[in-house]
Amino acid sequence: MQSRLCQSTAQNPAARGVPLTLSLTVHRGTEQIGGSCIELEAEGERLILDAGRPLDAPREARDLLPLTLDRVRPATVLFSHPHMDHWGLVGELPDHWSLMTGHKSAELMRLTEELFGGVLDRSITCWNSRGGSFRVGPFTVTPFLTDHSAFDAYMLLIECSGTRLLYTGDFRTHGRKAKLVEVTLKKLAGTVDVLLMEGTNLGTAKPVITERELEHRFADVAGRTRGQVFVQWSAQNIDRTVTLYRAALRSGRELVIDLYAADVLNRVAQDTNIPRPGRDFDKLRVLILPSGQRLFHRAGRSAEADRMARQPYAISRRRLVGRPSIIMLRDSMFPDFERAGITFEPDDTYVFSNWKGYLDPNAPQSGWNRATANGARTLHLHTSGHASARELERFAAQLNPRWLVPVHGIAWATPEITLPPVCRLADGETWNVPH
C-alpha cells in the first residue's frame, strides 16, 4: 500500500501559498472499527459525519463522545446508516445540534432505542433516497444509497470551497444492492478530491460471497434437512431476511420470524419489494412469543402486538410442530420454546448467520451448544456487510481521488492492496484540505 503522511499540510496550511478553508478532523476511527465520528468545518460551519458507539463499550458505559469534539459550538450531524457504531451516541449529542439521516434509517434508529427500553425523542430531519442534494451552510450534501448489511445506508458526497469529499460510510459490493455502488462509481469517478473510506475487512478472512450465493446455500440446506431449519440472524439485516425468504420458497418451506423482525419489516418495506407480513407474502409467518409481547408492552405498544397476533399470518409455537419451516431463533427465545416442549431434534439444522466473532459455540445457553448437544446439525452460513480488500482496492482505483483518508479499519498498514495516495491522520488531528 502506498502511504503518504499529511502532517506537513496540517501544520503549515499556507505552505502551498493557497488559502485553505475546509478542515477535516477524524475524532475517532483512524485506528479502530466502529465508534465513527468525523468533522468537517468551513466558514465557521461544522458537519459531523456519524456519532457512533464504540463496539467494545459496555452497554452501561456513558460519556463516550471523543474528547476532541467541541460540544459548545453549533453543528449538524449526518448519520450514514442505522448501525449503532455509527449513530449510537445520539443521546450524548448537544440538544442544539441538528440531526439528519435517511427516512428509513431514522425509523430503525427509533426502533433500536425501543428495543433497549429507551426512546429516541430528538427531532431528526430526513432525506429521501431519491431526493438529490441539499445545503447545510456552505456544504452541499448528496446522499448516495449504497449496498450494506444495514438498510437505508448511504455514501455522502460533500462539496465545499471547491473541494469534493466522499465519505463511504460502510459499504460492500456483494449484497442485493451491489449495483448502487457501481452507479456511484460511474457518476463520481475522477471527480473526487478526498475519499474517506472504510477498511473493515482489511487483514481479515471474513466470507464475502454474494447474498444470492448465500440464498442458494440456504435453499440447499433446507432441501436436505428432514426436520426444521433454525437460523440466528439480525432482524435488521433485511438483505438476510430476503435471502432466507427466497430460500424458504425454493425449498417448499415457510419463513417464520418473530414480532420484532415483523416490526422491522413493517417499518421499512412500504414502497419496496421487501417481504412484509400480509397476504402478498403468504409464506411469511409471524411467531407470537411471550418474550416478543413483553417487548411491545414495555414500549407501550401492546395493542400492536395483539393486532398482529390476530392476523392470518400469525402462528403459535404449537402449530410449528411438523410444519416445514425456516425459523428465526435467538438465544433469548429458548425459554419460550422449551416451555412449549420444542427442542432441537437430530433431524434439525441450526445455522448461525452472523459474524463469527459473535459466536461462542461453548456457551451453555447458545443455540450452537444446545443444537450440538441434541444431535442437530450446526452450520455457519454468513457473508460480510463490508467490502473485501480487493473490492476496496478496485473502488478506490476507479474513483481515483487525490487523497484517501483511512477510517473504520485497523489494518491499513498491511501491504495486501494498492491504494491512491494515503493521508494518514491520528484521532483528533485536524487537516486543512488543500484546494
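Ser161 sits in the loop between strand 10 (154-160) and strand 11 (163-167), where helices (H or I, at least four residues) and strands (E, at least two) are DSSP runs, numbered from the N terminus. The phi angle of Ser161 is near 55 degrees, a positive value in a residue other than glycine. The model is predicted, so local features need pLDDT of at least 70 and side-chain atom pairs count only at pLDDT 80 or more, while totals for chains, interfaces and linings use all residues. Residues are numbered from 1 along each chain as its sequence is written, and side-chain values use heavy atoms, with hydrogens and water left out.

Asn400 also has a positive phi, about 55 degrees, although it is not a glycine. Asn400 is placed in the loop between helix 13 (389-399) and strand 20 (403-407). With a relative accessibility of 52%, Asn400 counts as exposed; here buried means under 20% relative accessible area, exposed over 50%, and partly exposed in between (1.4 Å probe, protein chains only).

The next stop is an open sheet of seven strands in the order 7-6-5-4-3-2-22, with mixed pairing. Strand 7 (125-127) and strand 22 (430-433) stand at its edges with a single partner strand each, so one side of each is left without a neighbour in the sheet. On average, neighbouring strands of this sheet are turned by 25 degrees against each other, direction ignored. Two strands pair if DSSP finds at least two bridges between them. Axes are lines fitted to C-alpha atoms, for helices over the stretch in contact, and angles run from 0 to 180 degrees between N-to-C directions. Within the sheet, strand 3 (residues 37-42) pairs with strand 4 (residues 45-51) in the antiparallel sense over six bridges, and Glu39 stands opposite Ile48 in strand 4. Helix 3 (residues 103-115) lies across strand 6 (98-102) and strand 7, running at about 110 degrees to strand 6.

A second open sheet brings together seven strands in the order 16-15-14-17-13-18-19, and here the pairing is parallel. Its edge strands are strand 16 (314-315) and strand 19 (377-380), each of which pairs on one side only. Strand 14 (residues 254-258) and strand 15 (residues 284-287) run parallel and are joined by four bridges; the bridge partner of Ile257 in strand 15 is Val286. Helix 7 packs on this sheet, touching strand 14, strand 15 and strand 17 (325-328), and its direction makes about 100 degrees with that of strand 14. Contact means heavy atoms within 4.5 Å.

Helix 7 (residues 259-268) also packs with helix 8, at an angle of about 55 degrees and with the axes 8 Å apart. That angle makes helix 7 oblique to helix 8: angles under 35 degrees count as roughly parallel, over 145 as roughly antiparallel, 65 to 115 as roughly perpendicular and the rest as oblique. Leu259, Tyr260 and Asp263 of helix 7 make this contact with Gly292, Gln293, Leu295 and Phe296 of helix 8.

Arg298 belongs to helix 8 (residues 290-298) and is exposed, with a relative accessible area of 53%. Although Arg298 and Glu114 are 184 residues apart in sequence, their C-alpha atoms are 8.4 Å apart in space. Not counting residues up to four places away in sequence, Arg298 touches Glu114, Leu115, Phe116 and Gly117. Its side chain reaches the backbone oxygen of Leu115 at 2.6 Å.

Arg172, in the loop between strand 11 and helix 4 (178-188), counts as buried at 0% relative accessibility. The side chains of Arg172 and Asp239 are joined by a polar contact of 2.9 Å, a term for a pair of N or O atoms within 3.5 Å; within protein, one must be able to donate a hydrogen and the other to accept it, and residues adjacent in sequence count only if both atoms are side-chain atoms. The Arg172 side chain also reaches the backbone oxygen of Ser384 at 2.9 Å. Leaving aside neighbours within four places in sequence, the residues in contact with Arg172 include His148, Glu211 and His386.

Finally, the axes of helix 5 (residues 211-224) and helix 6 (residues 238-250) come within 8 Å and cross at roughly 40 degrees. Helix 5 and helix 6 are therefore oblique to each other. Among the residues making the contact are Glu211 and Leu214 of helix 5 and Asp239 and Thr243 of helix 6.
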